[in-house]
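Here is a short briefing to keep beside the viewer. Take a look at the model first, and then we can walk through a few of its features together.

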Amino acid sequence: MTAQALQIDRELDRLDGLWEDGLQDTYKSYLAAVDGYAPADRPRLALAAALIESGLRLQGLGGRAAAAAPLLMGDLCLARASRLLADHASQTLQVAFARAIEKMSANAASGEAGGPVRDFLVLALESAR
Amino acid sequence: MIAQRLRFKTSSPTQFVDITDKLREEVRNSGLRMGRIHLQSLHTTVGLAVNENEPLLLRDFESLLERLAPTGAGYEHDDFARRFEIALDEPVNGHAHCRQLLLTGFATVLVENGDLVLGRWQSVFAVELDGPRTRELAVQLDGEFGKSSSPLSPGAAARSVGGRRAGGDVGSGTGPDRELVELELARQLLADPDPVAVPMRRLVEAGGKRLRPRLVQLTAHIGPRHDPLRAAALAAAVELLHNATLIHDDYVDESTYRRGRPTVAAAEGPERAIAVGDFYFAKATRLIAEIGNHDVTSTIADALEAICAAQIDDVALRGGYPGDHESYLKVVRGKTAALFAASCASGAQLSEATPDEVEALRRYGDLLGVAFQMADDMVDFSPSSGKPVGLDIRQRVLSLPLIYAAEDKEVGPEVRRLLAGSLGDAEVNRVTDLVRSSNALKRVGDEARALVEGALRELEAVELDGLRPTLVGLARSAVDRDS
């Protein structure tokens, strides 16, 4: 499954390496969670969720802090996801995703284990459906 | 005269507790305009000190105290068999009392214009010498009192809600508009969990020029639908977003100070810095989404993406330091100008300005942002800025004066040679001198002023309804500054 075939290749500008390096699998794992959304929006919503998960992993949120380069790549993933959501998601879903990141980062700042990122994001997708 | 007690908990045996922010808050809440704040330790093992809050220096102080009065060095005070009427929980703390003798138990800090009079690097510390414990300082404030002026203290915020200043200039961003942003920032930070709110509050309270929120609020007057509360909500969210990016930038740049205070990464570690940055990135995007204007959300999201991409470019370019004019502009357009442009455009979009007006203001913001960054680069070479000279050089931050100096026929070869090697104090000082002796600073100043004039020309097609002088003044002051 190529990004081009999924019509999301334009959204991977500067992130091409990540797609081959795990983002593709993460993306696939969110496809089921976006089932209830309009078919045209599903690929970008799944990609937004995958970018958030990959971005937080790159940054080392909740674990050992990443070095500068992966941190900045993680920031770009979050920003790209934010733009995808601004363009393709309802206000409710934008807010749900943002709240999920707030919760996860507040947990990380408090030194609390907050559970897997995917659980938070799938819950956000389900709650905003 | 106001008398009160300042209580705090310590968490380790020896601890330098920076109480500067608390004292500032006390001064603001009291309304003290001109006078003094007196402090007195109510303990024989807590001292007071005024010094620099630099984490490694604090460790030096701790080591010094340990060398001068070592723990367990056979103090007679600790020989309980020879003492009378000792409490059951009497601690073994002769060393702590001796250390306190080396410090002071009293301090007075002057207050002028409602704020502490402290040098750039001065912080006030309560020094725990026998912790962890709950401690108390007696505090007295005396002098001339006016109205409370803290926009960020919740109590003061509540007091000032109904207190719009007569004659305040709505358009200038210095009157009620500015107060609304500060109130909104205070309100948002109040609602957040301490592990993220405390570091962000420290950064927000340290000041900053608030240019981006001012641009949002000013341009929110352009269209037919002006709603000051929505504009303040957007302006505060933009400021939070800006600060979130700074927190990550400081970690990446290994900066230890921002606005005269330790960065989040330096004070609380990189893990916390990443979490705080992420929290406020998400919170700011949520607040913007909740405003419910798709154009605004999209404008800010585009800018955020540009900032992050430019930050990656910036770090990549450090391999070929100091770079060239083209790569400089590419990075600065993303890192700085993108949010200036988005602030201008989103404010206008919020007020339902026409697409032509939005685009003109976006171009104004873009040019202003680039000019602002150029002026910022020049500040690094100004001995009167209050900031350490040569910091950008030391941290190998992209800087147009350096690029121009490196291109200079006379000083260029030496500048390039020095920048290619390791940069100690001597090298940084020499590069600074070379840049000053070349015409690099003049070139950058001329270029920045030309950009500002270009920005102002963009405003000619926009019906500004009295806002023009403010936008013109803001643009010019962004360039003609020394800090």
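B:L246 is partly exposed because 19 other C-beta atoms lie within 10 Å; buried would take 20 or more and exposed 12 or fewer, with C-beta atoms placed from the backbone. Please bear in mind that this is a predicted model, in which local features need pLDDT of at least 70, side-chain atom pairs count only at pLDDT 80 or more, and totals for chains, interfaces and linings use all residues. Residues are numbered from 1 along each chain as its sequence is written, while chains are lettered from A and ligands numbered from 1 in the order in which they are written.

**Around B:L246**
- Helix 8 of chain B, residues 228–252, holds B:L246; helices are DSSP runs of H or I with at least four residues, strands are runs of E with at least two, and both are numbered from the N terminus.
- B:V264 is 18 residues from B:L246 along the chain, and their C-alpha atoms are 9.7 Å apart.

**Where chain B meets chain A**
- In chain B, 32 residues are in contact with 31 residues of chain A (C-beta atoms, placed from the backbone, within 7 Å).
- Helix 6 (194–205), helix 8, helix 10 (270–291) and helix 11 (294–317) of chain B each give two or more residues to this side.
- Helix 10 of chain B provides the largest share, 15 residues.

**The sheet of chain B**
- Five strands form an open sheet in the order 1-8-3-5-6, with antiparallel pairing; a pair needs at least two DSSP bridges.
- Strand 1 (2–9) and strand 6 (115–116) of chain B each have a single partner strand, so one side of each lacks a neighbour in the sheet.
- Strand 5 (residues 106–112) of chain B pairs with strand 6 of chain B over 2 bridges, and B:E112 stands opposite B:D115.

How values were computed: Contact = placed C-beta atoms within 7 Å.
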